[in-house]
Amino acid sequence: MNLEKAIFGRRSVRNYSSKILEKKHLKELLDAGIWAPTAGNIQPWVFVCVTHTKRIQQIHTVSPGMLGNPQALICVCSDQNRAVEKAGPGGRTLAIMDCAMAAQTIMLFAYGLGMGTCAIRSFNPSAVRELISAPAHIHPELLITVGYPAESPKPPARKKDVFFWELYNEKEGKKDDE
Amino acid sequence: MTSDTLSRGLFDLVGYMLTSARGLVDEPPLYGPFRLIDGVSRLCEILTQEDEENKAFYKDLKSKIDERKYTVMSDTDTFINLMDELVYDFTTKLKER
């Protein structure tokens, strides 16, 4: 699939079919995630892919923002020790940014494979950490639900008044010599 | 609904309400009404299988919620109208009882 189609066609999917996901495709998604940009090459991310129905249900119970019936979940976590060790206290913020970029990379790649995804931040991080048996320095940043879509959500409107040229609030921009 | 399924459904709802309560401290204000409405939908799913006499009412309520609840993210007016309609539906049912 061409990249433009993936960028403009991807939607947040909240209704999945029962079609089984193949593990090899999930592995491909994880491989794609680690090729996202990362500040200072810290690579602060950790990905926990959950496919067991019971564990998905448990995570669902503590994740109010998780809607639908995904076949798999990818918990995109930051390794706080690695982030701070490599980048100092600012590493925590950088790690969140890196995890977000990894999540987007995964979601675009999934769309290219015909899968649907939805990124979720409305979950209880401590509860999810406990359910995936992660230590305290592993912080769940985002959940990505994964499955084959049973719907094609309509694209929501996008704000178009957010582009400026050269200066904030400059709608058209001026040449330097003007 | 068997007692085990009912118990599981209510247990999950407790988890949903608890984690919603904590999460809403840091979330956008409109997520509050959304969580409550989504919670009603989840409760209706349980009651649809539990309360034979009012099954149709709960089923309709759930269906109406699920059809339009996501407008909270794209069309606030439609979401607020949905809540008004749901309150009206509920009040109509209340008068019948």
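A: In chain B, 50% of the contacts with a separation of 6 or more join residues 24 or more positions apart, a contact being a pair whose C-beta atoms, placed from the backbone, lie within 7 Å. This is a predicted model, in which local features need pLDDT of at least 70, side-chain atom pairs count only at pLDDT 80 or more, and totals for chains, interfaces and linings use all residues. Residues are numbered from 1 along each chain as its sequence is written, while chains are lettered from A and ligands numbered from 1 in written order.

Chain B has 4 helices and 0 strands (DSSP runs of H or I with at least four residues, and of E with at least two), in the order α-α-α-α from the N terminus. Its C-alpha atoms fill a box of roughly 35 × 30 × 20 Å along the principal axes. Of the 97 residues of chain B, 15% are buried, with 20 or more other C-beta atoms within 10 Å of their own.

Within chain A, the axes of helix α4 (residues 80-87) and helix α5 (residues 91-112) come within 8 Å and cross at roughly 120 degrees. Residues of α4(A), including A:Q80 and A:A83, meet residues of α5(A), among them A:G91 and A:L94. The residues of this contact divide into 5 nonpolar, 2 polar and 2 charged.

Methods:
Axes are lines fitted to C-alpha atoms, for helices over the stretch in contact, and angles run from 0 to 180 degrees between N-to-C directions. Two residues are in contact if their C-beta atoms, placed from the backbone, lie within 7 Å. Ala, Val, Leu, Ile, Met, Phe, Trp, Tyr, Cys and Pro count as nonpolar, Asp, Glu, Lys and Arg as charged, and the others, Gly among them, as polar. A residue is buried if 20 or more other C-beta atoms lie within 10 Å of its own, exposed if 12 or fewer, and partly exposed in between; C-beta atoms are placed from the backbone.
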